[in-house]
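Please have the sequence and the model open as I go.

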Amino acid sequence: MKNQKEEFFELIYAQYAKKLERICLRYVNYQPEYREIAADSVQKTFLKALEEYDRLKDVSYIEPWLYQTCMHRFTTALKTFRRRMKHRVVIDEKMENVLSTERTITTIDAFDIQELLQNFLQEAGYEV
């Protein structure tokens, strides 16, 4: 037998989940890279509604509360995602050829050897 909390959750989820997801996706013009963020925001919104069950069970403003909570979560996640994407470095196949592991290590070793040599010459009294 289902308890009232489970019935409440199933009822509001069935009634509002798709609507909330559409609202989130409309906010970003249905761009596919944001689908996961929208779905995650909707899911977290319903988890929050479940936590707030005692406060929300008899209210008439459940739809605006879900909308506001979901959009807040979505826009926050979207800002975080976009900020991370801005600072992300993508190494494609062309760059991998330029920055091969062997060549990178050789370059780093050359810098280390040059620095060691300069330090040795300075300690020995030579002008560098």
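This is a predicted model: local features need pLDDT of at least 70, side-chain atom pairs count only at pLDDT 80 or more; totals for chains, interfaces and linings use all residues.

Ser-41 counts as buried because its relative accessibility is 3%, where buried means under 20% relative accessible area, exposed over 50% and partly exposed in between, with a 1.4 Å probe and protein chains only. Residues are numbered from 1 along each chain as its sequence is written, and side-chain values use heavy atoms, with hydrogens and water left out.

Ser-41 sits in helix α2, residues 35-51, helices being DSSP runs of H or I with at least four residues, numbered from the N terminus. Leaving aside residues up to four places away in sequence, Ser-41 touches Cys-70, Arg-73 and Phe-74, a contact being heavy atoms within 4.5 Å.

Turning to the helix as a whole, the buried residues of α2 are Ile-37, Ala-38, Ser-41, Val-42, Thr-45, Phe-46 and Ala-49, and they pack against α1, α3 (53-56) and α4 (62-86).

What lines the largest pocket? The lining consists of Phe-9, Tyr-13, Ala-17, Lys-18, Glu-21, Ala-39, Val-42, Gln-43, Phe-46 and Leu-47, where a pocket is, on a 1 Å grid over the protein atoms alone, an open set of points where a 1.4 Å probe fits, with protein on both sides within 12 Å along at least five of seven lines, and lining residues have an atom within 4 Å of a point. Both α1 (4-27) and α2 supply at least two residues of that lining.
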